[in-house]
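Open the model in your viewer and keep the selection tool at hand. The tour goes from a cavity to a sheet and then to a helix.

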Amino acid sequence: MTSETITADAAGTWTLGDLTVGRVGFGAMRLTGSAAFHHGTPSDRDRSIAVLRKAVELGVNHIDTAAFYFSSLRSANELINSALSPYADDLVIATKVGPFRNYAGEWGGLDRPEDLRAHVEENLRQLGRDHLDLVYLRRMRQDSIAEHFGALADLRTAGLVRHLGISDVEPRHLAEAQAIAPVVSVQNKYGLDFREPGTDEVLRLCGEQGIAFVPFFAIAGDGGARGAATSHDAEVLTIARAHGASPAQVRLAWTLRQGPHVLAIPGTGNPDHVVENVAAGALRLTDEEVGRLNALRQKAS
């Protein structure tokens with residue numbers, strides 16, 4: 001693969017409600033430092049801005065962020081605003097509410113439903129926008145999401161939010177939310193390294209209903225917020241060598257093969273990795289290779 005010549009168009013597109021996005025987007029979590037949140041060291045501001053501009057230059061028009069993505073010196077939303085404002089008409093910025101961190105970086109508990117407006121408005125302020133394209137309710141272990149999702153639906157009616165999604169949910173939560181307002185996207189942890197039957201069912205339901213499914217930590221695996229996996233199964237390495245690709249590109253290509261409704265939002269603070277991640281949209285795994293990777297995933301816990 002010659003990554004430098006590949007743009008986001010190679011992966012195709014999907015629609016989030018009435019918004020068309022490329023299937024390879026960008027996750028902003030890693031913009032703020034060597035690892036997300038309070039982990040690692042803060043990023044170089046100019047380098048992070050260069051990452052965002054490179055992504056857009058390559059045709060990325062779907063950015064996933066949150067007001068709680070910040071380190072001791074950097075805010076993902078502020079970096080997005082500085083790098084990309086005034087925003088292109090086709091740029092879709094998705095954010096999420098539910099968890100929150102205070103200015104010292106300490107995690108609080110679950111936002112109350114009446115708190116969600118303030119957190120939506122904080123995202124608006126940081127991003128310099130008068131509405132948010134897509135807001136996810138990130139479930140924080142509560143049994144029911146109805147009250148919180150209903151509060152977001154009210155903000156959608158008020159015009160502060162255009163479309164709604166849900167994150168870290170089970171199939172029953174999708175049904176619960178849909179009884180209140182349309183859901184255009186679901187964001188759950190999903191990848192080669194882990195398997196959760198409930199999320200597999202959510203993936204299937206989303207495909208049947210034309211809802212986007214947006215995996216997080218598809219590359220990072222168990223590394224999660226601390227960063228990408230550094231060790232790879234021999235099967236992944238073999239397939240990567242066969243295509244002249246990196247293991248991360250194989251993981252992303254496998255993710256995209258899970259259905260046309262599956263979107264990727266790989267994050268990085270490295271401009272070279274942006275090029276590599278976007279190019280993964282052009283990597284075409286054979287059915288036999290996908291079968292081998294599927295078998296590998298069946299062994300994951």
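Which residues line the largest cavity? Select Val24, Gly25, Phe26, Ala55, Val60, Pro266, Val274, Asn277 and Val278. A cavity here is a set of points, on a 1 Å grid over the protein atoms alone, where a 1.4 Å probe fits but cannot get out, and lining residues have an atom within 4 Å of a point. This is a predicted model, in which local features need pLDDT of at least 70 and side-chain atom pairs count only at pLDDT 80 or more, while totals for chains, interfaces and linings use all residues. Residues are numbered from 1 along each chain as its sequence is written, and side-chain values use heavy atoms, without hydrogens and water.

The structure has one cavity of 30 Å³ or more, and the largest cavity has a volume of about 40 Å³ (the space filled by probe spheres set on the points, which are joined across faces, edges and corners). Colour the lining by class: seven residues are nonpolar, two are polar and none is charged (Gly counts as polar; Ala, Val, Phe and Pro count as nonpolar).

Next, select helix H9, residues 271-279, which gives the most to this lining, with three residues. Helices (H or I, at least four residues) and strands (E, at least two) are DSSP runs, numbered from the N terminus.

Now show the open sheet, whose seven strands pair in parallel in the order S3-S4-S5-S6-S7-S8-S9. Two strands pair if DSSP finds at least two bridges between them. At the edges, S3 (26-27) and S9 (212-213) each pair on one side only. Zoom in on S3: two bridges join it to the parallel strand S4, residues 62-64, where aspartate 64 is the bridge partner of glycine 27.

Conventions. 1 Å grid on protein atoms, 1.4 Å probe; cavity = no way out; pocket = protein on both sides within 12 Å on 5 of 7 lines; lining within 4 Å.
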